[in-house]
Amino acid sequence: MLDGVVGLLNDSGKTVVANSRHYVPDIADDQLEAKIMKPQNVAPLVERGSYDIGFTGRDWVVETGARVVELLDLGLDPVRIVAAVPESEDEAEVFRRRLVVATEYENMARRFLEERGCDFVLLRTHGASEAFPPEDSDMIIDNTATGRTLKEHRLKIVAVLLESSTRFIANAAALEDAGKREKIEELTMLFAAVLNARRRVMLEMNVPADKLEAIVRMLPCMRSPTVSPLYGEAGFAVKAAVKREEAARLIPLLKKMGASDILEYSFRKVVI
């Protein structure tokens with residue numbers, strides 16, 4: 001999670017600089033002080049007011065029950081919290097017997113198992129839950145990004161408890177302070193602008209006058225394309241911000257429709 005958050009801060013102009021106090025980095029903003037903590041601890045610390053804002057996974061907000069305000073889903077480091085059992089287990093039968101369940105997520109696991117009416121014992125883990133079955137547990141409840149680690153340990157998913165990603169959160173009382181609220185809203189806007197920019201690219205092209213209407217109508221831009229006449233009435237320059245994943249489909253199509261000198265380039269920030 002740290003690399004994604006640092007990258008977001010850097011791209012927002014809040015450059016993070018490591019120093020000799022590894023857990024207390026410098027930030028290029030005199031109004032900000034930061035400390036690096038485990039994501040498990042961030043939400044409770046923000047709730048109690050030790051910090052005004054923080055970054056943590058939604059999974060740990062739910063697990064700890066921390067009463068914080070979610071400002072933005074950053075979409076970074078997406079994972080699912082899943083229940084998984086050995087591949088040889090019968091899914092219908094596994095919940096009918098007394099289970100030993102290895103997990104870091106004790107509260108979520110307890111709620112999930114109680115809702116299913118299971119007889120269970122929780123075994124608290126401190127990482128590497130996937131190593132416990134089959135000898136030391138019947139089931140794990142853990143996070144997974146791709147499912148590859150589960151497959152490597154011959155485990156299969158039998159339920160998804162939660163989908164999670166990195167969230168930008170705030171202390172409720174901090175948002176009642178006018179000065180802090182203004183700063184927090186500024187940061188939220190900058191983070192959203194960076195995330196929007198990462199999802200889009202600019203397409204710029206020259207278009208003959210007789211092809212303009214057709215090309216402008218087909219471009220899936222944010223609002224409408226920017227169109228400017230070229231010198232000497234040689235056609236028009238057209239710009240459109242499109243979703244990054246659509247560019248590879250659009251460029252050949254635009255070329256076929258008569259556009260030329262097509263450029264694709266990235267943004268730093270997009271403020272909507």
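Two strands count as paired if DSSP finds at least two bridges between them. The views below show close-ups of a predicted model.

**View 1. Strands β11 and β14 pair in the antiparallel sense.** Strand β11 covers residues 200-207. The two strands are joined by 5 bridges.

**View 2. Four strands make an open antiparallel sheet.** The strand order is β12-β13-β11-β14. Strands β12 (226-229) and β14 (260-266) form the edges. Each of these edge strands pairs on one side only. From one strand to the next, the twist averages 15°.

**View 3. An open sheet of 5 strands shows mixed pairing.** Its order runs β7-β6-β8-β5-β9. The edges are β7 (120-124) and β9 (155-164). Each edge strand has a single partner strand, so one side of each lacks a neighbour in the sheet. With direction ignored, neighbouring strands are turned by 25° against each other on average.

View 4. Within it, Val-100 has Val-121 of β7 as its bridge partner. Helix α5 (residues 106-115) packs on this sheet. The helix touches β5 (79-86), β6, β7, β8 (139-144) and β9. The direction of α5 makes about 165° with that of β7.

**View 5. The largest nonpolar core holds 22 residues.** Phe-95, Leu-99, Leu-113, Met-139 and Ile-141 have the most contacts inside this core. Two or more core residues come from each of β5, β6, α5, β7, β8 and β9. In soluble globular proteins, nonpolar side chains tend to be buried together.

**View 6. Met-139 is one of the core residues with the most contacts.** Residues up to four places away in sequence are not counted here. Met-139 touches Ala-83, Ala-84 and Val-85, among others. Its contacts also include Phe-95, Leu-99, Val-100, Val-101 and Ala-102. Leu-113 is another residue that Met-139 touches.

**View 7. Asp-29 lies in the loop between β2 (26-27) and α2 (39-48).** The relative accessible area of Asp-29 is 11%. Asp-29 is therefore buried, as the cut-off is under 20%. Leaving aside residues up to four places away in sequence, Asp-29 touches Lys-14 and Lys-183. With Lys-183, Asp-29 makes a polar contact between side chains, at 2.6 Å.

Note on methods: Residues are numbered from 1 along each chain as its sequence is written. This is a predicted model: local features need pLDDT of at least 70, side-chain atom pairs count only at pLDDT 80 or more; totals for chains, interfaces and linings use all residues. Side-chain values use heavy atoms; hydrogens and water are left out. Axes are lines fitted to C-alpha atoms, for helices over the stretch in contact, and angles run from 0 to 180 degrees between N-to-C directions. Contact means heavy atoms within 4.5 Å. Buried means under 20% relative accessible area, exposed over 50%, partly exposed in between (1.4 Å probe, protein chains only). A polar contact is a pair of N or O atoms within 3.5 Å; within protein, one must be able to donate a hydrogen and the other to accept it, and residues adjacent in sequence count only if both atoms are side-chain atoms. A nonpolar core is a set of buried Ala, Val, Leu, Ile, Met, Phe, Trp, Tyr and Cys residues joined through side-chain atoms within 4.5 Å.
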